[in-house]
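The following paragraphs lead through one protein model, from its salt bridges to its sheets and then to selected loop residues. Please keep the structure in view while reading.

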Amino acid sequence: MKILHLDTNHELLIHQLNALGFVNHEDYTSSKSEVEAKIDQYDGIVLRSRFTIDKQFLDAATNLKFIGRVGAGLENIDCEYAESKGVFLISAPEGNRNAVGEHALGMLLSLFNKLNKADAEVSVGKWLREDNRGIELDGKTVGLIGYGNMGKAFAKKLRGFDVEVLCYDIKPNVGDENARQVTLREFQDQVDVVSLHTPQTPLTLNMIQTDFINQFKKSFWFINTARGKSVVTQDLVLALKSGKILGAGLDVLEYEKASFETLFSEKLPEAFQYLIDNDAVLLSPHVAGWTAESKEKLAQTIVDKITAKFC
């Protein structure tokens, strides 16, 4: 079987696939149309987020047996059409779930203790102790929307704190010893922190918007290490201004392009500029699952799943 690799990944991926007898070709520079012109030669594709695998591309891939995405989600692939053509889809949420859980916890603790604000002030000679008095996580109720690989990883990290962890998910019976599954109404009545761990689907697009936010009984802290397009940024800004959202840790933004790397090539939206200027907002560039360890684990997960299916 011939595999075309469209993004660079950990070297173990190609090394192990070579050892298993697969023929591996790398193309990290050709345009999508150039790749389409030769994709019929390949049985498999491995990529991250370089471009979208749509119907036109899949129609050209007449011998394609699988697509491996070295990441947690498959939103850059027309999954329904791919599966209708018998293409096996592989993702690797097991590979970076621990990294995401640690990042979410780090963001939450930094927000509670104003670490980014305090660091910036001390760096310019300001020593403002009372202005940087924090709050403690113990005693709070943390709510997780989405309780799959990422949500479960974050819940596991919270076990060392004296907190109640609730989860809300459209799937039944996903709660475990680390999080109690509740109805959306109970979730919105009780939580002090909301952390988003959902994939990008038609159900989750623009999910966090004004009407949804205002249904929460208490003001709350918000963490998003999932997908940026699940949040209407303008509505998030309004909630921050009103105090309904007390602070936000955002690893992802709705303004991201598919490649995640061209966000600053155009004039920044006004709402994004507000987030940048707000001391109660912590931003990172879609790196929650982006650790040295997860790079290796993601690649290994893809190899293992290809091996299980085709060897």
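D189 has a relative accessibility of 32% and therefore counts as partly exposed, where buried means under 20% relative accessible area, exposed over 50%, and partly exposed in between (1.4 Å probe, protein chains only). The model is predicted, so local features need pLDDT of at least 70 and side-chain atom pairs count only at pLDDT 80 or more, while totals for chains, interfaces and linings use all residues. Residues are numbered from 1 along each chain as its sequence is written, and side-chain values use heavy atoms, with hydrogens and water left out.

D189 forms a salt bridge with R185, the closest N and O atoms being 3.2 Å apart; the term denotes a side-chain nitrogen of Lys or Arg within 4 Å of a carboxyl oxygen of Asp or Glu. Both residues lie in helix α8 (residues 184-190), four residues apart, about one turn of the helix. Helices (H or I, at least four residues) and strands (E, at least two) are DSSP runs, numbered from the N terminus. R185 is likewise partly exposed, at 42%.

A search of the whole structure finds 14 salt bridges. One of them joins D59 to K85, with the closest N and O atoms 3.4 Å apart. This pair links distant parts of the chain, since D59 belongs to helix α3 and K85 to the loop between α4 (79-84) and β5 (88-90), 26 residues apart. D59 is partly exposed at 40%, and K85 is partly exposed at 37%. Within helix α6 (residues 115-123), K117 and E121 are four residues apart and form a salt bridge at 2.8 Å between the closest N and O atoms; both are buried. E164, R180 and E186 are linked in a network of salt bridges.

Attention now turns to the strands. Strand β3 (residues 44-47) runs parallel to β1 (residues 2-5), to which three bridges join it, and parallel to β4 (residues 66-69), to which four bridges join it. Two strands pair if DSSP finds at least two bridges between them. G44 stands opposite I3 in β1, and the bridge partner of G44 in β4 is F66. From β3 the chain crosses through helix α3 (residues 55-60) to β4 in a right-handed β-α-β crossover, meaning that, with the strands pointing away from the viewer, the path from the first strand over the helix to the second runs clockwise. In a regular strand the side chains alternate between the two faces of the sheet. Both faces of β3 are covered, with G44 and V46 buried on one side and I45 and L47 buried on the other.

An open sheet of seven strands has the order β8-β7-β6-β9-β10-β11-β12, with parallel pairing. Because β8 and β12 (281-283) stand at the edges with a single partner strand each, one side of each is left without a neighbour in the sheet. Four bridges join β6 (residues 141-145) to β9, and G143 stands opposite V194 in β9.

H197 lies in the loop between β9 (193-196) and α9 (210-214) and is buried at 8%. The side chain of H197 makes a polar contact with that of S195 at 2.7 Å; such a contact is a pair of N or O atoms within 3.5 Å, where within protein one must be able to donate a hydrogen and the other to accept it, and residues adjacent in sequence count only if both atoms are side-chain atoms. L205 lies in the loop between β9 and α9 and is partly exposed at 39%.
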